[in-house]
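I opened the notebook to record what I looked up in this model, entry by entry. I start with the contact between the chains and then move to single helices and residues.

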Amino acid sequence: MTDEADAACRPLGRLERVSATPHFDDAHDAGETRRAGRQGLGVALATSAYGISFGALAVTAGLDVWQTCVLSLVMFTGGSQFAFVGVIGAGGLAAAPAAIASAALLGIRNAAYGMRMSPVIGSGFWRRAGAAQFTIDESTAVSLAQTTRRARLVGFWVTGIAIYVGWNISTLAGALLGDVLGDPKAYGLDAAAAAAFLALLWPRLRRRQAIAVGVAAAIVATALTPVLMPGLPVLIAAFVAIVVGWFNWLGESEAAPPGQSEAAALRRAQEPWEGLP
Amino acid sequence: MTLWTAILVASIICVAWKTLGYLVPPKVLEAPRPARIADLLTVALLAALVAVQTLGVGQAIVVDARVPAVIVAAGLLLLRAPFLVVVAAAALVAALLRLWGWAA
């Protein structure tokens, strides 16, 4: 398709996004699909870049280069990876159970993403097994932001696979870099870890309930740090979410349709890349 | 437990979560409570990690160069700076404050 035709499709695409039901007009579909691919690559580039900070932080936390790479190859979910090395960095091997628990709890949201992606991906054992490993914040967000079924598929696979490749290459680069750096504090890498968690948290702090939970969890974790072994304060702070979420304290008064609220949350999570082509 | 065991156990659990999403019927998500708790769990864990990573050194609470660095990071996030800029700026602020001896 020419750029002109692509441009012609764009206003239509914009209108489409307002209506909830996808349309399956051929010309529109091709434009949407290309747009999904471009968006996926843009998001992958931005996301892969910070694999460097993960690699460097993991090595300074005490992991070797291989261990760091296995986390990116197998675990492959940024939040859990940062949490795992953060807890190991603070508490050493004694904190390993807490590190496992933190990574596992942060990974729960990927199950929710899998449920959303399952009907998009379709049937077939290998296709679904492959899709499962690429199911992360970014691939789900790019996919669900599209309006046609084909664009959703392309958005998911392009984003997921491109991030997998980029994230693993940049993890290795970061780990090799971290290995030769020496004292991590001199480079401010301890502050970089805190900033990384803040940047992961930021797009999720839109609603009053989320902000309240975030503030309360931070206070609980800080207050418990002097009295518990490293790693445990973070886990106990997670109970704030379970209690507030169970009773829906500070929640919006009228319940939004569940599918829509999930999609809205993902769109919010995607926002840092909105300006990309 | 060796570090390798911990890495493999944590990785397998995370892969299991992803796979589980494709095994359960999508209807489960229509219950608002589990969806809401999964959402807030992520917020609580990340916020707790920000706090501990900014103020904790082992079991002690220490205010050092990390605090101004994280404040700078928050300011950049308000200005919608990209992830890598935010992380690099925080590292730079902490490194410079230590180099100049203005903060521990």
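Predicted model: local features only at pLDDT ≥ 70, side-chain atom pairs only at ≥ 80, totals over all residues.

**Entry 1, the contact between the chains.** I looked up the contact and found that it takes 69 residues from chain B and 88 residues from chain A, where two residues are in contact if their C-beta atoms, placed from the backbone, lie within 7 Å. On the side of chain B that touches chain A, at least two residues each come from α1 (3–23), α2 (32–55), β2 (60–61), α3 and α4 of chain B; I take helices (H or I, at least four residues) and strands (E, at least two) as DSSP runs, numbered from the N terminus. The most is given by α2(B), with 23 residues. Sorted by class, this side of chain B holds 53 nonpolar, nine polar and seven charged residues, with Ala, Val, Leu, Ile, Met, Phe, Trp, Tyr, Cys and Pro counted as nonpolar, Asp, Glu, Lys and Arg as charged, and the others, Gly among them, as polar.

Residues are numbered from 1 along each chain as its sequence is written, and chains are lettered from A and ligands numbered from 1 in the order in which they are written.

I picked Ala44(B), which lies in helix α2 of chain B. Ala44(B) counts as buried because it has 32 C-beta neighbours inside 10 Å; the cut-offs are 20 or more other C-beta atoms within 10 Å for buried, 12 or fewer for exposed, and partly exposed in between, with C-beta atoms placed from the backbone. Leaving out residues up to four places away in sequence, Ala44(B) touches Val213(A), Gly214(A), Ala217(A), Ala237(A), Ala238(A), Val240(A) and Ala241(A).

I then asked how α3 (residues 66–78) and α4 (residues 83–99) of chain B are placed, and their axes come within 8 Å and cross at roughly 150 degrees. The two helices are therefore roughly antiparallel to each other, a label for angles over 145 degrees. The contact includes Val72(B), Ala73(B) and Leu76(B) of α3(B) and Ala89(B), Ala90(B) and Val93(B) of α4(B). Its residues divide into 14 nonpolar, no polar and one charged.

I counted 13 helices and zero strands in chain A, and buried residues make up 53% of its 277 residues. Among contacts in chain A between residues at least 6 apart in sequence, 72% join residues at least 24 apart.

For α10(A) (residues 189–201), I checked the 13 residues at 1.5 Å a residue: they should span 18 Å, and the end C-alpha atoms are 18 Å apart, which agrees; the expected span is 1.5 Å times one less than the number of residues. The helix is mostly covered, as 13 of its 13 residues are buried.

Phe76(A) is not a glycine, yet has a positive phi of about 40 degrees, and I located Phe76(A) in the loop between α4 (65–75) and α5 (78–91) of chain A. With 24 C-beta neighbours inside 10 Å, Phe76(A) counts as buried. Leu250(A), also not a glycine, has a positive phi of about 60 degrees and sits in the loop between α12 (232–247) and α13 (258–270) of chain A. With 13 C-beta neighbours inside 10 Å, Leu250(A) counts as partly exposed.

Definitions and conventions:
Axes fitted to C-alpha atoms, helices over the stretch in contact; angles between N-to-C directions. Parallel < 35°, antiparallel > 145°, perpendicular 65-115°, else oblique.
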